[in-house]
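Here's a quick walk through one protein model, written for someone who likes the cut-offs spelled out. Have a look at the structure first, then read on.

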Amino acid sequence: ITAVLLLITLDPLLGLGAWIALAPFSVVWHLDIHLGAGIPDLALTRLALGWTLVLLVARAALGQRRLLPVNALDIVMLIFAVGILLSTPTSLLGVTSAVQGVFDAYLLPMFVYALARNLVQDARGARWTAAWVLLIGAYLAFFVLHEQITGVALLAPDTVQFSYGTDLRRVVSLLGNPVFFGIPLAFAMVMAMAAFTWQTTLRGRVAMTVLAAVFAVAGFFTYNRASWLGLLLGAAVLSLYYRRWRQFLLPVVITAGLILALRWPEISQYPLVKERLLREQSVDDRLNSVDVAVTLWQQNAVTGIGYANFGKVAVERGLLARIPNYVPAPHNSYLFVLTSGGLVAGVPYILVLLLMMFDLWRFERFRRRTHPPDVPHATVWRGLLAAAMAVVVIQVVTSATYDAAMGTLTSLLFFLIIGTAYGLHQAERRRLTAAGTGP
């Protein structure tokens, strides 16, 4: 912990990436300080965030750093934060535990966005963000591939280990759930594809290509459908931004489609297809959870039924079966927020994601108006905007298939990338204004 706080002091942006990278290990490496029942823990993430905020505000007060003005996204995030916090007094977890849950699931990642937005002031800062995302993707890929090859789960939390069907292993190392590997791996793949475009040497382009391929392979071996979808969406969005990726991926897609069409009777019998892709039971269970979630939300549509109360209330009212040592979940981030905080939290939650997409679209239009496609100093700017848009699309779509509140690392990476894109765009606008070349 001391080393992380020292790094934050020396370079807050490097420190930000470091504590995000260490966050998944804080429990297994005993980096969190437990203060007893009823007292919030001094978790690594909370200590690091607090120290970074103190430094940022202090340096701004001394005139050493200029904080960016509040934007529309900041305001909508604040409204959402208030809305979801209003659901904590009625939470069956207890107010203290519920507030801690809200902080770790939502407020902490939003602070990461604010920090990244203010700390990233040039292409160098954006490259550091990309490097941290790639590093995190690398160790996640290692955990996935190691477990699938050896059958040994490393640093596994106290969770049930089982297979998908009879032949496909469910990855439980470190994070305990395949989707919490797969979505960050999709983010990392997107970042590697974007970083490829600003490499100036053959060695750099080869390295980014290899990393993107490794992340895609590891994401595939999570055997998680949301992760597969995330990988496909990420590649598709980057292809829309870059012709070179379209030229590479389009023949791959056509070839894969032809193979599937010609050999589908044989391929459909593979365990991967029968026990995962076409398995109907899990889909039926998810649809049933959606029906239950909508029923509970309608009972208190405006303010919800209390933070994280879905599972316990559904079981108590006989809407879902009681399973020992298991609390049912809606498996849908939007429904989790709606059942917890109703429209008061749900509407701004959705607006946050939509506003991100709109802003990133505006940023890209601005970049195109002010720069030709291949201006050297703008390649990182272009790449970060493309990666951020891909990440938002992945998050918007896949959030309907899992509870983002349970995947802290996913949320931290998501908001780190978004904050970096906002910060770099603002820095480029300032540079153009200072040069007298802005619109």
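First, the ground rules. This is a predicted model, so local features need pLDDT of at least 70 and side-chain atom pairs count only at pLDDT 80 or more, while totals for chains, interfaces and linings use all residues. Residues are numbered from 1 along each chain as its sequence is written, and side-chain values use heavy atoms, with hydrogens and water left out.

**The whole chain**

The protein has 16 helices and 2 strands. Those are DSSP runs numbered from the N terminus, with helices being H or I of at least four residues and strands E of at least two. For 439 residues, a compact globule would have a radius of gyration near 22 Å, and the protein agrees because its own value is 22 Å. That radius is taken over C-alpha atoms, and the globule rule is 2.2 Å times the number of residues to the power 0.38. Along the principal axes, the C-alpha trace spans about 65 × 60 × 40 Å.

How much of the protein is buried? Buried residues make up 51% of the 439, where buried means under 20% relative accessible area, exposed means over 50%, and partly exposed lies in between (1.4 Å probe, protein chains only). The accessible surface comes to about 20,200 Å², and 66% of that belongs to carbon and sulfur atoms. These areas come from the Shrake-Rupley method with a 1.4 Å probe, and for residues only the protein chains shown count as cover. As for contacts (heavy atoms within 4.5 Å), take those with a separation of 6 or more: 73% of them join residues 24 or more positions apart.

**H9 against H15**

Helix H9 (residues 225-241) packs on helix H15 (residues 379-398) at an angle of about 145°, and their axes are 9 Å apart. The axes are lines fitted to C-alpha atoms, for helices over the stretch in contact, and the angles run from 0 to 180 degrees between N-to-C directions. This crossing is right-handed; the convention calls a crossing left-handed if the near helix is turned anticlockwise from the far one by less than a right angle, and right-handed if clockwise.

On the H9 side, the residues involved include Ala226, Leu229, Leu233 and Tyr241, and on the H15 side they include Arg382, Leu385, Met389 and Val397. Sorted by class, this contact has 14 nonpolar, 3 polar and 1 charged residues. Here Ala, Val, Leu, Ile, Met, Phe, Trp, Tyr, Cys and Pro count as nonpolar, Asp, Glu, Lys and Arg as charged, and the others, Gly among them, as polar.

Glycine 234 also sits in H9, and with a relative accessible area of 0% it is buried. Setting aside neighbours within four places in sequence, glycine 234 is in contact with Met189, Val190, Ala390 and Ile394. Serine 227 is another H9 residue, likewise buried at 0%.

Tyrosine 223 is in the loop between H8 and H9 and counts as buried at 11% relative accessibility. Which residues does tyrosine 223 touch, not counting those up to four places away in sequence? They are Gln148, Tyr164, Leu168, Arg169, Trp228, Leu272 and Arg276.

Valine 76 is in helix H4 (residues 72-85) and is buried at 15% relative accessible area. Away from its sequence neighbours within four places, valine 76 is in contact with Pro348, Leu351, Val352 and Leu355. Here are some C-alpha pairs with their separations:

| Pair | Apart along the chain | C-alpha to C-alpha |
|---|---|---|
| Valine 76 and leucine 355 | 279 residues | 8.7 Å |
| Tyrosine 223 and proline 178 | 45 residues | 7.5 Å |
| Glycine 234 and alanine 213 | 21 residues | 13 Å |
| Valine 214 and tryptophan 29 | 185 residues | 27 Å |

Valine 214 from that table is found in helix H8 (residues 202-220) and counts as partly exposed at 31%.

Most residues other than glycine have a negative phi. Leucine 174, not a glycine, has a positive phi of about 60°. Leucine 174 is in the loop between strand S2 (168-169) and helix H7 (179-197), and at 7% relative accessibility it is buried. Histidine 331 has a positive phi too, about 55°. Its place is in the loop between helix H13 (310-316) and helix H14 (333-370), where histidine 331 is partly exposed at 24%.
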